[in-house]
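Open the model in your viewer and switch to a cartoon view. This tour moves from the whole chain to a few selections.

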Amino acid sequence: MLSSDTDYSSWKTSWQKREDDMIGFDKYFEALKEKLIGGSERREVIHIEGECGIGKTTLAKKVYNDVEIRRHFEVCIWLHMPLNDESDDVIHAQIRENLLAFGLEIEEETSTRSIERCISNCLQDKRYIVMLDDLSHFENWACVYSILPDEFNGSRVVVVARPGTHVPRKAYSETLSLGYLSKDDSKSLFCQRAFSSFDWPVEYADISSEDIHDMTRGHPLTILLLSGFLNPQLPPSMWREILTWSLKFGRDVDRDRILSLSFDNLPNNVKPCFLYFAGFPMGTVFSTDKLVRLWDAEGFIELGNEEKFVEEIGKGILEELILRRLVHPVRKDRRGHIKEVVLHDLVYDFVQSEARNNNFLKIRTDTSYYPAMCRRLFLQNCIYKDLIFLRKMRSLSFYFEEPFWRKEFSNLSFLRSARFLRVLDMQGLSVKRIPEEIGNMILLRYLGVGSRELTELPSSIKNLINLQTLDIAFTSVTNLASGFWNIPTLKHVFGSLLVVPPRVGCLVNLLTLRNINCSNWNPVSYNVLHNMSHLKSLELRGLLRYDPNALLSSLGKLNFLEHLILAGKDLPLRLFAISTISRLETLELHGTLDSNLGVDTIPNMCSNLPLLNTVRLFSSNATQTLVDALALLPNLFILEMNKAYNGQELAFCAKGFYRLKELELLEMDELRTCRIDASCMPQLEKLTMLRCSNVRMPPYGLSNLKKLKEVTICYPAPACS
């Protein structure tokens with residue numbers, strides 16, 4: 001039994017490594033690959049069908065990311081289909097983003113017909129694969145299918161539709177039906193997820209694998225949920241007790257009962273965090289950072305005796321939910337940190353039911369009636385003409401999707417009586433003015449507004465003495481009342497070229513300061529950073545006429561800094577020599593660089609920045625000397641250079657970039673040749689080279705990259721019109 005913390009940690013690590021493994025899907029995997037690579041030269045449409053939770057999307061993603069598939073098709077497009085049937089703009093935006101990754105640019109067009117024509121022209125003469133995931137409306141299918149050309153070159157379309165979605169059978173060339181897992185595969189999947197092994201440990205030998213199969217009927221999602229509940233933290237005796245109790249209900253224990261068992265077994269501080277997912281629309285992809293900020297504002301995260309940041313505790317709660325298979329990770333960074341998560345539809349239905357039964361929150365998707373009493377109200381794609389604030393309400397959130405996005409909502413008079421509100425999140429509303437009375441909401445901890453029409457916040461915002469997060473990144477607000485910068489509880493401020501006054505209070509709790517306009521700062525202005533000594537994420541823009549010594553001195557005081565973005569002119573490369581920012585993980589530099597790298601800087605980069613894993617350079621004038629210096633960084637995983645090199649030859653020298661996984665070279669107009677020496681970048685998996693107009697050949701030494709999985713090179717890149 002895995003009883004110690006060390007054993008449990010080891011089990012979690014092993015599980016995370018095996019999370020993408022597929023068991024029992026080999027025959028489907030090979031069958032789908034054969035349909036995609038073989039078969040007719042005509043464009044064919046393959047439909048993956050099966051009940052909810054059977055593994056349709058999992059299979060599609062596995063095949064989509066397969067190396068052989070990526071090499072066979074010139075253009076690969078993954079579309080997550082919207083839940084409503086009037087979403088042409090959303091679909092077109094996704095296609096545009098996918099095409100850009102393959103060096104295919106679409107000119108800006110105003111009309112839908114022009115955009116469709118441009119997309120179709122982009123795909124002419126290209127062998128493409130388009131994956132449509134989560135299709136729920138035939139209108140969305142028609143929107144995509146009508147713009148895909150059939151060039152008789154083996155192009156393919158794969159459709160993963162929600163159960164019950166009506167698409168005429170004649171629309172599909174072939175259908176691949178997924179079924180339940182066999183007893184052996186059910187056992188293997190369960191043991192792998194529960195024990196990171198394909199068989200039962202000795203302590204659990206008397207527990208029948210047939211019981212597991214009979215309880216789950218071989219349904220993959222049900223097996224995962226059961227394995228998440230029956231984890232190695234539970235002793236064998238408790239396993240037997242739970243299984244015996246469950247089997248009393250019959251051989252077929254439905255998913256809701258397993259979900260109920262898992263939910264009931266959650267620690268008390270985790271339950272409200274899980275129920276909070278119910279307030280968002282189905283299929284929402286959640287930013288883990290924003291989730292933790294909302295949980296914190298709601299008061300769900302409790303600080304124990306351990307000296308930990310709230311963010312660390314929040315990420316621990318999220319990890320608990322992921323280990324229980326209640327939440328699914330969809331994106332990780334190169335260090336393995338989970339950045340985005342989603343709920344499976346079946347789990348979403350369950351959590352909505354639990355939230356409703358526990359009166360945890362109310363959700364309104366229409367205005368047919370107003371909830372009589374609730375503490376948390378989520379309005380999805382609907383708005384009340386006259387919103388009446390309820391005295392006991394603690395949280396109010398708006399979430400709008402296309403085509404409901406930007407509904408105008410000018411009547412915010414309800415805020416005058418919203419004295420006890422803790423969270424106010426208005427995303428997708430066209431808000432032009434916030435009333436002065438918002439200053440009376442002294443318990444408010446989270447304020448988020450996403451409206452470009454909003455140009456100012458009232459001066460009373462300085463009275464929000466408990467505010468933790470201000471998110472006005474998608475507004476036109478550039479100035480705040482000076483008193484705002486004296487709020488001691490501030491943790492996260494997201495602006496849009498926001499101006500910080502020359503004097504601020506003691507902001508020792510501030511962790512995030514994003515998109516700050518420094519164009520009018522003088523050497524003394526940088527001292528404001530001295531009062532933000534615990535900053536982890538900082539973004540400064542407008543560094544045009546500044547004192548580099550003042551900037552570097554202030555950055556040197558930020559010992560906890562992990563993410564840094566600087567935008568301006570003649571950015572100081574001497575920041576690589578600052579030994580006090582040794583926790584830095586990501587660095588983005590937008591603008592020209594000073595030429596003074598310094599002879600002493602290069603050998604010190606390894607020791608000064610041991611954790612730096614991502615470097616992005618934009619519109620810079622990087623030299624070969626800087627590239628050679630970056631090659632020495634011990635943990636650099638991602639290097640992106642966009643208009644960032646001013647030489648004709650770029651060399652990646654031997655034994656450099658030892659851990660680099662991704663390399664992107666974009667819009668290098670002067671570049672003519674690129675060379676990758678032997679023993680350089682031995683771990684590289686993805687190489688992208690786009691819009692380098694004078695490059696006519698792939699990089700020399702490309703064959704030396706033994707672990708390379710994905711290569712995208714366009715020379716020169718075409719423009720679609």
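A residue counts as buried when its relative accessible area is under 20%. By that cut-off, 54% of the 721 residues of the protein are buried. Keep in mind that this is a predicted model.

**Whole protein.** Select everything first. There are 19 helices and 30 strands. The accessible surface comes to about 31,000 Å². Carbon and sulfur atoms hold 48% of that surface. Among contacts with a separation of 6 or more, 60% link residues 24 or more positions apart.

**Stop 1: a five-stranded sheet.** Select E2, E4, E5, E1 and E6. In that order they make an open sheet with parallel pairing. Its edges are E2 (75–80) and E6 (174–177), each pairing on one side only. On average, neighbouring strands are turned by 15 degrees against each other, direction ignored.

E2 runs parallel to E4 (residues 128–135), and six bridges join the two. Pick valine 75: the residue opposite is tyrosine 128 in E4.

**Stop 2: helices on the sheet.** Which strands does H3 touch? The helix packs on the sheet and touches E1 (44–49), E2, E4, E5 (156–161) and E6. The direction of H3 makes about 160 degrees with that of E2.

**Stop 3: a helix pair.** Select H8 (residues 183–195) and H10 (residues 220–229). Their axes are 9 Å apart, and the helices pack at an angle of about 35 degrees. The crossing of H8 past H10 is right-handed.

Show side chains here. From H8, take Ser186, Leu189, Phe190, Arg193 and Ala194. They meet Pro220, Ile223, Leu224, Leu226 and Ser227 of H10. What is the make-up of this contact? Seven of its residues are nonpolar, two are polar and one is charged.

**Stop 4: a covered strand.** Move on to E18 (residues 492–498). Is E18 mostly covered or mostly open? Mostly covered: six of its seven residues are buried.

E17 (residues 469–471) pairs with E18 in the parallel sense over three bridges. Threonine 469 has histidine 492 in E18 as its bridge partner. E19 (residues 512–517) also pairs with E18 in the parallel sense, over four bridges. Finish on phenylalanine 494, which stands opposite arginine 514 in E19.

Key. Residues numbered from 1 in each chain as written. Predicted model: local features only at pLDDT ≥ 70, side-chain atom pairs only at ≥ 80, totals over all residues. Heavy atoms only, no water. Axes fitted to C-alpha atoms, helices over the stretch in contact; angles between N-to-C directions. Left-handed = near helix turned anticlockwise from the far one by under 90°. Contact = heavy atoms within 4.5 Å. Nonpolar A, V, L, I, M, F, W, Y, C, P; charged D, E, K, R; others polar. Buried < 20%, exposed > 50% of the residue type's maximum accessible area, 1.4 Å probe, protein only. Areas by Shrake-Rupley, 256 points an atom, 1.4 Å probe, with all protein chains shown as cover. Pairing = 2+ DSSP bridges.
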